[in-house]
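Good morning, and thank you for making time for this presentation. I would ask you to look at the sequence and the model together as I speak.

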Amino acid sequence: MIAIEAADWLADMNDLGPVAWPPAPIKTERLVLREPEARDRAAFVELHASPEVHTYLGGPRSRDELEGEMPEVPERWPGSFVVDLDGAMIGQVLLRRVTEHVCPSAVGKVDLGYLFLPQAWGFGYAAEACAAALGWLEDVLPGEPVVLATQTANVRSMRLAAKLGFTEAERFRAWDADQWLGLRTSVIPSS
């Protein structure tokens, strides 16, 4: 997944056309995908300051810097879903249109990104949340191709991409690391 810090090459969901935002909360078996709220601020700071979360994303941001910059209601823009488990934020799923990139074949497509707090890893929450977000996208923009980029060293992200139905489109070098770009067209994720 592409780092939030590298999100300057992404445009917001308004570039996708007539997509109503925010949607009603999306409920899965265990999770709710919803718009960010003020109560999520501390979790956003933790998410972006976590060295574990940012191992393959260029490193964490300073907690002090985040505390000073983070708005009262963080990341409140179309395509930003909070992943909520039992009333608490455990992660974020992002859907954004790629506007420029070191990998030109991604430009114009929707990018799937995600970040989860380390304590939420290993329970299948990322797969469940990403599949739900992709299902929502398929409902509002049928047939829209989606890309996912990750470092080739990020084995967990590579496994999740395959599970969600992404197939390799290309590999490239960026941000001092080997990168993988997967493409997903309207398919049903494997279980």
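What share of the contacts in the chain with a separation of 6 or more comes from residues 24 or more positions apart? The figure is 66%, where contact means heavy atoms within 4.5 Å.

Let me state the basis of these values. The model is a predicted one, in which local features need pLDDT of at least 70, side-chain atom pairs count only at pLDDT 80 or more, and totals for chains, interfaces and linings use all residues. Residues are numbered from 1 along each chain as its sequence is written, and side-chain values use heavy atoms, with hydrogens and water left out.

I begin with the overall layout. The chain has four helices and nine strands; helices (H or I, at least four residues) and strands (E, at least two) are DSSP runs, numbered from the N terminus. Along the sequence, their order is β-β-β-α-α-β-β-β-α-β-α-β-β. The chain has 191 residues, and 51% of them count as buried. Here, buried means under 20% relative accessible area, exposed means over 50%, and partly exposed lies in between, with a 1.4 Å probe and protein chains only. The accessible surface comes to about 8,900 Å², and carbon and sulfur atoms hold 52% of that surface. Accessible areas come from the Shrake-Rupley method with a 1.4 Å probe, and for residues only the protein chains shown count as cover.

I turn now to helix α1. Is this helix largely enclosed or largely open? Seven of the nine residues of α1 are buried, so the rest of the structure largely encloses it. Those buried residues are Arg41, Ala43, Phe44, Val45, Leu47, His48 and Ala49. Their cover includes α2, β4, β5 and β6.

With a relative accessible area of 39%, Glu67 is partly exposed. Setting aside neighbours within four places in sequence, Glu67 is in contact with Arg41 and Val45. Between Glu67 and Phe44 the C-alpha to C-alpha distance is 9.7 Å, with 23 residues separating them in sequence.

This brings us to charge pairing. Side chains of opposite charge can pair when their charged atoms come close. By the definition used here, a salt bridge is a side-chain nitrogen of Lys or Arg within 4 Å of a carboxyl oxygen of Asp or Glu. How many salt bridges does the structure hold? There are 13 salt bridges.

One of them joins Arg41 and Glu67, with the closest N and O atoms 2.9 Å apart. This pair links distant parts of the chain, since Arg41 is in helix α1 (residues 41-49) and Glu67 in helix α2 (residues 63-69), 26 residues apart. Another salt bridge joins Arg63 and Glu46, whose closest N and O atoms are 3.0 Å apart. Arg63 lies in α2 and Glu46 in α1, so this pair ties together parts that are 17 residues apart in sequence. Arg63 is partly exposed at 38% relative accessibility, and Glu46 is partly exposed at 33%.

Salt bridges that share partners also form one network of Arg34, Glu37, Arg39, Asp40 and Asp84. Within it, Glu37 and Arg34 form a salt bridge with their closest N and O atoms 4.0 Å apart. Glu37 is partly exposed at 31% relative accessibility, whereas Arg34 is buried at 7%.

A brief word on the backbone. Asp86 has a phi near 55°, a positive value in a residue other than glycine. Asp86 sits in the loop between β4 (80-85) and β5 (88-98), and at 74% relative accessibility Asp86 is exposed.

Finally, the largest pocket. A pocket is an open set of points on a 1 Å grid over the protein atoms alone, where a 1.4 Å probe fits, with protein on both sides within 12 Å along at least five of seven lines; lining residues have an atom within 4 Å of a point. The largest pocket contains about 640 Å³ of space, a volume being the space filled by probe spheres set on the points, which are joined across faces, edges and corners. Its lining has 25 residues, and the closest to its centre are Tyr114, Trp121, Ala126, Arg156 and Ser157. Which element gives the most to this lining? That element is α4, with six residues. β6 (110-116), α3 (125-140) and α4 (155-163) each supply at least two residues of the lining. By type, the lining residues divide into 15 nonpolar, six polar and four charged; Ala, Val, Leu, Ile, Met, Phe, Trp, Tyr, Cys and Pro count as nonpolar, Asp, Glu, Lys and Arg as charged, and the others, Gly among them, as polar.
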